[in-house]
Amino acid sequence: NLDMVRSIGANHVIDYTQEDFTRNGQRYDLIFDTAANHSVSDYSRALSPGGICATAGFSTMFHMLKEMLVGSLVSVMGSKKIGGMGVARPNKTDLVIIKELLESGKVVPVIDRRYKLSEVPEAIRYLEEGHARGKVVITVEHSNSA
């Protein structure tokens, strides 16, 4: 998926199968981890002071609960913020920047597959396979009858 990620606008891509970004010595202002399979201490080590780590998706429920608890403590006691998507706190300026990136084509959303609402079980099975190369979208059919 590295080429796909570059094609949608990423300037810097790390192949997680070749490199552990939490141990490469670099510091990041923002980490958005879609797998969330690192510990809070790993994220903390990789963040610059004032940095934010927002995670989405977890390998296990235990890992999610642990991150919520330990990440909350780290966030309250220090300058780094670690947690789920809510920790990012988007604001109007950030949203305008994202809008401009999308409109200019510098960032392109990737939709892997679309499923009807009635096909949600099939969509979940597909996601569980772990091979989605973009977002899986569920569409809601609208009825014209009142």
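T22 sits in the loop that links helix α1 (2-7) to strand β1. Helices here are DSSP runs of H or I with at least four residues, strands are DSSP runs of E with at least two, and both are numbered from the N terminus. The model is a predicted one, so local features need pLDDT of at least 70 and side-chain atom pairs count only at pLDDT 80 or more, while totals for chains, interfaces and linings use all residues. Residues are numbered from 1 along each chain as its sequence is written, and side-chain values use heavy atoms, with hydrogens and water left out.

Is T22 buried or exposed? T22 is buried, because its relative accessible area is 1%. The cut-offs are these: buried is under 20% relative accessible area, exposed is over 50%, and partly exposed lies in between, with a 1.4 Å probe and protein chains only. The side chain of T22 makes a polar contact of 2.7 Å with the side chain of D20. (A polar contact is a pair of N or O atoms within 3.5 Å; within protein, one must be able to donate a hydrogen and the other to accept it, and residues adjacent in sequence count only if both atoms are side-chain atoms.) Beyond residues up to four places away in sequence, T22 touches H38, D42, Y43, R45 and A46. Contact means heavy atoms within 4.5 Å.

In soluble globular proteins, nonpolar side chains tend to be buried together.

Now turn to strand β1, where D33 lies. D33 counts as buried because its relative accessible area is 10%. Apart from neighbours within four places in sequence, D33 is in contact with F21, H38, Y43, A54, T55 and A56. A46 is 13 residues from D33 in sequence, and their C-alpha atoms are 12 Å apart.

L2 is found in helix α1. L2 counts as partly exposed because its relative accessibility is 28%. Leaving aside neighbours within four places in sequence, L2 is in contact with V13, I14 and D15. G50 is 48 residues from L2 along the chain, and their C-alpha atoms are separated by 28 Å.

R89 lies in the loop between strand β3 (81-84) and helix α4 (92-104). Is R89 buried or exposed? R89 is exposed, because its relative accessibility is 64%. From R89 to R133 is 44 residues in sequence and 26 Å in space, C-alpha to C-alpha.

I124 has its place in helix α5 (residues 120-128). With a relative accessible area of 42%, I124 is partly exposed. The C-alpha atoms of I124 and G25 are separated by 37 Å, and the two residues are 99 apart along the chain.

Now step back to the whole protein. How many helices and strands does the protein have? There are five helices and five strands. Along the sequence they follow the pattern α-β-α-β-α-β-α-β-α-β. The C-alpha trace spans about 55 × 40 × 35 Å along its principal axes. The protein has 146 residues, and 21% of them count as buried. Among contacts with a separation of 6 or more, 38% join residues 24 or more positions apart.

The accessible surface comes to about 10,500 Å², and carbon and sulfur atoms hold 58% of it. (Accessible areas come from the Shrake-Rupley method with a 1.4 Å probe; for residues, only the protein chains shown count as cover.) The protein has 17 positive and 17 negative side chains, and the centres of the two sets lie 5 Å apart. Lys and Arg count as positive and Asp and Glu as negative, while His and the chain ends are not counted. The place of a charge is NZ of Lys, CZ of Arg, CG of Asp or CD of Glu.
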